[in-house]
Amino acid sequence: MSGSDLFTGTLDLLILRILQDEPRHGYAVGKVLRETSQGVLDVEEGALYPALHRLESQGLATAEWGRTDTNRRARFYRLTEAGRERLAGEEERWSDFSDAVRAVLGGTGS
Amino acid sequence: MDRDPADEVREEIEFYLEERARELEAGGMGPAEARREAERAFGDVERISAETRRIRRRRLRDEGRRRMMGALAQDLGLAVRGLRKRPGFSAVVIGTLALGIGAVTAVFGVVNASLLRALPFEDADRLVFVQGAYDAPEGPVVRGASIPEARDWAETARSFEAMAPVDGIGVALTGAGEAERIRGEQVGAGYFGLLRVRPAVGRFFTEEELSVSGQARSVVLSHALWQRAFGADPSVPGRTIALNGESVTVVGVAPEGFAGTSLQAELWLPMGNAVTGPGEERAASRGTRWLGVVGRLADGVGLEEARSEMTGVASRLEEAHPDAHEDRLALVTPMRDVYLGSTRTLVLVVLGATALLLLIAAANVANLLLVRATGRSAEVLMRRALGAGRRRLVAQFLTESMVLAAAGAALGLVLGVKGADVLAAVMPAALLPAYVDVRPDLSVFLLAAVLMTAVGVLAGLTPALFALRRDVASDLRSGGGGSGLSRLQGALVVGEVALALVLMVGAGLMARSFEAQLAVEPGFEHEELFAFSLQLPPESYDGDGVRAALQEIETRLEAAPGLGPVTFGSDVPLREGYTASYLFREGASAEDRIRFYVHRVRPDWFETMGTRIERGRALGEADLGNPNVTVISESLARRFFPGEDPVGRTLRLFRPDGERIEIVGVAEDVRYRDLTSDLVGGADDPDIYVLWDSLPSRAVSVAIRTAADPSGVERTVREVVGAFDPDLPVMQPAPLRQALAAQTAQARFGSTLLAAFSLLAGFLAVVGLYGVLSFAVDRRRREIAVRMAIGAEGGRVLGMVVVQGMRLVAAGLALGLAVAYVASRSLEAFLFDVERVDPATYLVVAAVMAGVALVAVWMPALRATRVDPGRTLGSE
């Protein structure tokens, strides 16, 4: 996992996952995160923005200004090829990790 | 174009907050409350904004850097590829640059080693020589100090931390390996201390040894001599050696690398030594002046302060001792100036010449690049059409020229380092003091880098400027208009011709000066004379024994195969150690004294040496019983007996009522001390000759008339002397012409180098002229074709091009002559018998340059006449 902080690593990964389907602006990403990730952003919703810019810096995502469907100006983020590859790699590792955890915990929980 | 990251981040976060607030409103909150809640949920807006901005800024910076590196890499790649596609062009440019940069680097290597690097003494910039001088009408003449004088200086002067007398000596070393002649120094109290050296082994001298008792028998060896003669034996203190036959004890060894203030001393004796020491009488005499004095300025004292103090000291001494110290000065000169003398100026002048050469080379390169740029005009236009910014274009041209400059500088550096070695090797030893070591250090590399950058930028700006001109397109179509040459190209050529002319004038002046020096009659047969010195030790030879021994040696030498007549005397010309004194005309008063040099010679001296007798007769066998005859030099006759015949007149030696001697002959002037001083005008003192036999001396110089090869002669001499007395070393064996060559060394060196550089410069300038005119003819092809089509004859066209070219040359010549007039001032010190504005030199040089330029102009002009109007116009 990239990043020394497990939290930021997780957040980055989740954002990549969310962007996988379609380009979104920051608010949309945040909304999905709040609805699906059970508390990742509870402490600070704004932590989203450094994460997005970091991903852009690392070349895993690109961004450009565009218009929302309500015709407001927003910055849209989109996965790059490198981003997709990173996501695929990380997902594989996650699945190995959770297999290991499941094995250790002896199958309790799903 | 990215906007300010701060604005963008702010807008982005603002968007989030607004949407979040709207979401909360939809859930029932009021607008203000919703907004507050949105902000609270967001977290610390300020902190997060700042962090986000930071991330963004860093990204933009990295991206920008990468783009620039990419552009640079692209330009480099393009440049290298472009240059490889035109190997001829690249080779010429790189070669020209290497020549210019190499020349400057080579001479700078010598300048650095001799002028800039530290002398081999601790805190050497505080060290000076205090020189005793005589205030002559033409300026101070350095003569050496007397022992009492040096003592007075040391005792009264407060500007100095310490002063110590020092004198160079040469002694015969026996008892430690083969008999050798060793150079050394005899030194007074404080010498080693003020030079901050400590003994490597043993000790230096005690106060008693240094006092002038004439009894001390201690010697300090140099590190090198210690290794050579004693195998670096650490128990050497206490061992004895023989110097000039006298037994002395080694008391210590100097540290490695120390060679005294003469820079070549291998041993040191205290001033009170029994071997070469002055002895009580001579040491007390204020009239015997032979010492050098080295001093260290006191902390915080400047050179000027020390100088004015010593002026005061000297005048107080003159008051106290009006006879002995009349017109005496005490000059304070930094050590380096004494070592280098006028070589400093000479080397700087040569450096200046190489700088001019480099400028010419750079101008040629600029012209070449410009020509190439106009050839690529189509490419440039296209690039501009495609939107390449002006800055990118300039960057591309500069990259190209920097690549060329870097290659030229690298090659030039190699040439320069090797060249400095070669220069130092061929520079006569007389010019470069022993401490000079031209190994390159950081400053040489730095210089090369600076030159490379300067030349690369300057030369590269020319095509860059061209590329930036807006009317490139129309310029192309019209074929350059007017002269086909941009004003810049014309100016460059004029500049080159001018600079080359300056160099050539300098070379011409130096050459004529050198010629004049060579033409000076030395007064003796310099081609066929070989000389060496002997010192007969008192234990082996008593009074009469000296004469008998020398005559025996003379006889044996004359009998040896290949050697002609042999004679000997107190000294031979152009070596050191002459004796000077005063004489008076009959009836003259004490103020009317004449300073002169006396030479004790054998009767056959004049004949063997080839010195002509102008009037009267030479000294002969018949005079052997009569010590009171003399032959005087021509300049003495002219100065002090103008218009009369001095033969038969008498002179008084040393005092107005002193020993009387009769003049029996006048000999031509012999150049004993240097070639160029004015003997008649009084800058140097005249010579007289008396018979050696009337007061035989133990130290003599033997002169042999021989046409044989010097190394063979030396071998024979050593054999003969060795067979006579194996413990008698042969000192300074050398042909006299060697010393003569050393005299003209400076002039020879200077004129050779300047000649070489000026030829190079002329060549480059002429090549540049040719290139530029060819280019102009090419550009004007259409115009020429039109002219020919409407009936102009080939001759008219030829004339047109020639006039265009020669107009540039004329401007260059005029500018060059003017600059040369000013610049020749730097050569004044080196010019002998030539005015710095010598009209003949200037005219000849200008004429030669004009002639060669005409040839360079003629060829493209001829080409112009061969333009085929039909083809040229038809193809447009």
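Which residues are linked with E56(A) in a network of salt bridges? Notes below, starting with that one.

1. The network takes in E56(A), R75(A), E12(B), R59(B) and E63(B). A salt bridge here is a side-chain nitrogen of Lys or Arg within 4 Å of a carboxyl oxygen of Asp or Glu. Bear in mind that this is a predicted model, where local features need pLDDT of at least 70 and side-chain atom pairs count only at pLDDT 80 or more, while totals for chains, interfaces and linings use all residues. Residues are numbered from 1 along each chain as its sequence is written, chains are lettered from A and ligands numbered from 1 in the order in which they are written, and side-chain values use heavy atoms, with hydrogens and water left out.

2. Helices are DSSP runs of H or I with at least four residues, strands are runs of E with at least two, and both are numbered from the N terminus. R59(B) is buried at 14% relative accessibility, and E56(A) is buried at 8%. (Buried is under 20% relative accessible area, exposed is over 50%, and partly exposed is in between, with a 1.4 Å probe and protein chains only.)

3. Over all chains, the whole structure has 51 salt bridges. One of the others joins R602(B) to E554(B), at 3.9 Å from N to O. R602(B) sits in the loop between β15 (594-601) and α19 (605-609) of chain B, and E554(B) in helix α18 (residues 543-559), so this contact ties together parts that are 48 residues apart in sequence. R602(B) is buried at 8%, and E554(B) is buried at 9%.

4. R649(B) and E644(B) make a salt bridge too, with 2.4 Å between the closest N and O atoms. R649(B) is partly exposed at 36%, and E644(B) is partly exposed at 34%.

5. Over to chain A and its sheet. Three strands make an open sheet, ordered β1-β3-β2, with antiparallel pairing. β1 (24-25) and β2 (61-67) stand at the edges with a single partner strand each, so one side of each has no neighbour in the sheet. Seven bridges join β2(A) to β3 (residues 73-79) of chain A; two strands pair if DSSP finds at least two bridges between them. R67(A) has R73(A) in β3(A) as its bridge partner.

6. Patches are made of residues with over 30% relative accessible area and no salt bridge, joining like charges within 9 Å and nonpolar side chains (Val, Leu, Ile, Met, Phe, Trp, Tyr) within 5 Å. R61(B) belongs to helix α3 (residues 45-85) of chain B and is partly exposed at 48%.

7. There is also a nonpolar patch of about 510 Å², made by Y770(B), L854(B), V855(B), W858(B), M859(B) and L862(B). The areas come from the Shrake-Rupley method with a 1.4 Å probe, and for residues only the protein chains shown count as cover. Helix α26 (residues 839-865) of chain B gives the most to this patch, with five residues. M859(B) lies in helix α26 and is partly exposed at 44%.
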